[in-house]
Amino acid sequence: MNAFFRRSSVLALILIALIGAFGPFFFTVPPSETVGAPFARPLWWKTDLPKNRSFEVVTDAILFEWTKKPPETWALEGEVRADPAHAVTILWQTPEKTFVVDRLEGRDLYWLNLDGRDMIFKQNLGVPLIGNSTAFLFPSSGTYALRIEGAASTDLKLTLQGGRKGLLGTDQRGRDVFKLLIYGIRTSLIVGISATLVASLLGLGFGLTAGYVGGLLDALIMRAVDILMSIPTLPILMVLAGVWGKGLWQLVLILSIFSWMGTARSVRALVLSVRESPWIEGLKALGARRGYILWKHLVPETAPILLANIALGVPGAILSEAGLAFLGLSDPRLISWGRMLHEAHSFGAFTQGAWWLLLPPGFGIVLICLIFMDIGRFLEEQIDPRLREGEKNA
C-alpha cells in the first residue's frame, strides 16, 4: 500500500483531483464570463501585443499614452448628465485625427453603450464597416484623449481589450482558458471514474452470475457480451446521446452501458477457475448459501482484477466523453476538455493559429489517461508477479 501511494502517477492524480475540486473556489469570476478579447494570447506571449486596459471617465477629458499595437476592442459605457438645452459631444482624439464618437442632445441623462465592433458605430465614425475599427482609432503611437464636451457630470468607463490576457489566453468568446481548463478537470474525472465504476459493478454482477451459476444463464450472458462487443460503439453512443439527452449523468449512463463487457469476461474466467476448488466445495458441504459464498469469498477474490480494470477503464471513458463532446453531443453548458476542443474547432482556432485553445485540453486528456494507465499497470503487476519478472528479464 505504501508503494502505491508513493508512486508518481498516484501523487499526480491526487494533485490533479485536488486542483479540480478546490481550484474553482479561488476564482471570483465565473468561467462563462467574458474577460478579454476573443482569441487573446497568453500574457507571457509576444510582449508587443497590448494587455487589457480600462479608464474611469469622471471628468470632461482623459489623456493617456499608447505605444503598442492597436487593441482588439474599444468600448465606452456608463452615464452622462447634462443640461437638456445644450448638446453633449464625445470626441476621440488621436495624434493624427479627431473623431466625433457621438452627439447627444435633448435630455438630462444619457446611458451609453458604445462598441467599436458595432456597424452603426463604424458608420458614424466614417471607417470601413468590414474589419477592426481600432486600427483607425489607434493609428500610431502617441497621446490619446477622450473628451466629453457640454456634460454636467460623467460616470463612464473606457475599456480597451488587448491581444494578451490570462495565463493561457482567451477563447473565441473572450473567456479565460485557464479557468475553463481547471473547471474541465472535474467533468473529466467525474465522467471517467463514475462511468467506469458503474460499468465495473455491472461487469462484476454479470460475471459472478455467469461464472458461478453456469448453464443456460451463462450462455445467455456471454452471447449478450459478444453481441455488445461486436457493435461499433461510437455510432451507438451518438444515437443514445441524441435520444436520452446530453446531461452529465446521461453521458455517464451511456458510457457505462457499453463498458462492462470486458470486466464481466475477466470476472467470469476467475470464478470458473475457483468454483470447483476444494474450499468452495467445502463451503457448500457445510451448508453455505450461494449468496454467502459469492459475497464473502468470490467478490474478495475478484477485487484485484476489478481494481485493475477500473484503473484501465477510466482512460477509455475519458476519451469517449471527449469524443462525444468534440462531436457536439454533450451538454453545451458543461465545461469539459472535450467541449473546449469542440468549440475551438468549430470557431476556427485552427485557422486563427490559436494553439492555446488546443494544446492545454489535449495535453490534459493525454496526461489523465497516462496516469490511469500507469496505475492500472501497477495493479496488474501486483495481481500477477510474473509481469514484474518479465520486465526484469527484459
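**Ground rules**

I number residues from 1 along each chain as its sequence is written, and side-chain values use heavy atoms, with hydrogens and water left out. Since the model is predicted, local features need pLDDT of at least 70 and side-chain atom pairs count only at pLDDT 80 or more, while totals for chains, interfaces and linings use all residues.

**Entry 1: the sheet**

I took helices (H or I, at least four residues) and strands (E, at least two) as DSSP runs, numbered from the N terminus. I called two strands paired if DSSP finds at least two bridges between them.

I looked up the strand order and found an open sheet of four strands, β1-β8-β3-β6, with antiparallel pairing. β1 (53–57) and β6 (109–115) are the edge strands; each has a single partner, so one side of each lacks a neighbour in the sheet.

I then checked β3 (residues 73–82) against β8 (residues 151–161) and noted 10 bridges in the antiparallel sense. Gly-78 stands opposite Leu-156 in β8.

**Entry 2: helix α2**

I looked up α2 (residues 8–22), which has 15 residues. From its first C-alpha to its last it reaches 21 Å, close to the 21 Å expected at 1.5 Å a residue; the expected span is 1.5 Å times one less than the number of residues.

For accessibility I used relative accessible area: buried is under 20%, exposed over 50%, and partly exposed in between (1.4 Å probe, protein chains only). Ser-9, Val-10, Leu-13, Ile-16 and Gly-20 of α2 are buried. They cover an arc of only 125° around the axis, which puts them on the same side of α2; the arc is that of the directions from the helix axis to the C-beta atoms. Ser-8 and Leu-15 are exposed on the other side of α2.

I counted a contact when heavy atoms lie within 4.5 Å.

I found Ser-188 in helix α5 (residues 177–213). Ser-188 has a relative accessible area of 2% and is therefore buried. Apart from neighbours within four places in sequence, Ser-188 is in contact with Ile-318, Glu-321 and Trp-337.

Gly-162 sits in the loop between β8 and α5. Gly-162 is buried, at a relative accessible area of 0%. Leaving out residues up to four places away in sequence, I listed what Gly-162 touches: Ala-37, Ala-40, Pro-50, Lys-51, Asn-52, Pro-71 and Glu-72. I also noted Thr-73, which is 89 residues from Gly-162 in sequence and 7.2 Å from it in space, C-alpha to C-alpha.

**Entry 3: aromatic pairs**

I paired rings of Phe, Tyr and Trp (its six-membered ring) if their centres lie within 6.5 Å; planes under 30 degrees apart count as stacked, over 60 as edge-to-face and the rest as tilted.

I found 17 aromatic pairs in the structure. Trp-45 and Trp-355 have ring centres 5.3 Å apart and planes at 70°, so this pair is edge-to-face. The pair links distant parts of the chain, 310 residues apart: Trp-45 is in the loop between α2 and β1, and Trp-355 in helix α14 (residues 355–383). Trp-45 is partly exposed, at 29% relative accessible area, and Trp-355 is partly exposed at 24%.

Phe-64 and Trp-92 form a tilted pair, 6.1 Å centre to centre with 45° between the planes. Phe-64 belongs to strand β2 (residues 61–66) and Trp-92 to strand β4 (residues 88–93), 28 residues apart. Phe-64 and Trp-92 are buried. I also recorded one aromatic cluster formed by Phe-55, Phe-64, Trp-66, Trp-74, Trp-92, Phe-121, Phe-138 and Tyr-144.
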